[in-house]
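Please examine the ligand site of the model shown here. The report below describes how the protein surrounds the ligand.

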Amino acid sequence: MTNLKKMSMFFFTMVLALIMLAACSQEPPSSGGNKDTDEAKGTEKPEEKDNGEKDKYAFIFKNTGNPYGEKMMDGFKDAIEELGGEVILRSPDQPTAEGQIQIIEQLIQQKVTAIAIAGNDNDALEPVLKKAMNQGIKVLSVDSAVNADSRILHVNQANPERIGRIQIEAVAEMIGGAGEIAVLSATSQATNQNLWIEWMQKELEEPAYKDITLVKVAYGDDLRDKSVSETEALLKSYPDLKAIIAPTTVGIAAAGKVLTDKNLQDKVKLTGLGLPSEMATYLENGVSPWMYLWNPIDVGSAAGYIAHALVTGDITGALGESVETGVFGELDIVEDGDGTQVMLGDPYKFDADNIGEWKDVY
Ligand code: RAM
């Protein structure tokens with residue numbers, strides 16, 4: 001080879017290497033606050049069945065009328081459609097196990113391929129979900145777990161211990177380390193909220209919080225009106241209440257409205273888990289100094305990817321496997337008590353300074 005040829009080969013190789021490097025560095029970050037929903041894919045589409053029908057992927061949320069659930073279902077739908085499946089989105093009117101059992105029975109009749117469910121009860125769905133799995137349906141829980149025998153794996157939005165502990169850390173800072181606090185939760189059976197509340201109670205045992213008293217855990221059942229009346233009841237029963245933690249998007253928005261209407265922003269602080277779109281007003285008016293959440297669209301999308309990986313046989317859901325989740329990249333399947341789970345990200349903190357960026361996203 002002449003020197004000139006050698007030089008141009010060298011130059012060509014360098015340019016190619018630079019292009020490849022640039023492509024790699026454009027991967028989206030896999031944080032709970034990620035705005036992108038449809039990048040970093042790479043999983044193959046399932047083949048259509050002989051009769052031309054697509055695989056049916058069902059998602060069951062806790063109940064209808066919850067914008068958080070709707071965002072999660074949007075993410076699931078986009079992922080499944082992109083992967084070539086057909087989507088069925090179902091939720092009962094009320095956040096009960098009975099309502100979900102009826103839906104699951106119907107989905108078994110419809111011969112769906114996979115069911116992703118945000119469970120309304122840890123154990124009550126076991127018989128019907130086992131029936132589904134016995135018929136070859138791939139079952140996974142997402143957002144709110146069902147017990148390990150009722151599912152193949154769980155898709156966890158964020159570390160429950162972190163979610164619980166940061167609520168207490170936040171509230172302690174907001175009220176200067178002393179006073180009465182209350183929790184406004186979803187339903188008394190909700191596995192996700194119950195687990196987060198357990199971690200709040202553990203954190204409260206630390207000596208740093210000796211002057212804080214948790215006076216009550218109230219349940220607004222993720223229904224707006226009930227969450228409003230439960231907030232009003234808390235204010236009435238505990239006139240010295242300093243703060244409310246609502247680890248539910250429905251509850252925190254209802255409490256934000258009550259505290260705003262009663263002009264209580266200087267007396268009772270509010271934090272918890274809220275949708276930026278519903279909470280912007282209450283972060284901006286000072287009712288909630290800050291709060292947390294993750295991106296529900298991304299959680300739904302990841303659940304879609306994981307459901308698809310179970311259906312194609314890419315994973316069985318066993319400990320030690322890893323799975324392509326789309327937005328969050330490749331993640332390990334880790335332990336969760338007797339079962340396994342995929343842990344997606346960290347809760348993200350929203351306050352008056354950054355809420356403007358997020359309120360139109362979810
Ligand atoms: C409500 C639901 C959901 C929970 C969020 C934070 O919308 O209870 O399950 O994850 O709040």
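## Basis

This is a predicted model, in which local features need pLDDT of at least 70 and side-chain atom pairs count only at pLDDT 80 or more, while totals for chains, interfaces and linings use all residues. Residues are numbered from 1 along each chain as its sequence is written, and side-chain values use heavy atoms, with hydrogens and water left out.

## Shell around the ligand

The ligand is surrounded by 14 residues (a residue is near if one of its heavy atoms lies within 4 Å), and the closest are Lys62, Asp143, Gln193, Asp222 and Thr249. By residue class, the shell divides into 5 nonpolar, 6 polar and 3 charged, where Ala, Val, Leu, Ile, Met, Phe, Trp, Tyr, Cys and Pro count as nonpolar, Asp, Glu, Lys and Arg as charged, and the others, Gly among them, as polar.

Helix α6 (residues 191-204) supplies the largest share of this shell, 3 residues.

## Polar contacts and cover

The protein covers 100% of the 290 Å² of accessible area that the ligand has on its own (Shrake-Rupley method, 1.4 Å probe).

Key
Helix = DSSP H or I, 4+ residues; strand = E, 2+ residues; numbered from the N terminus.
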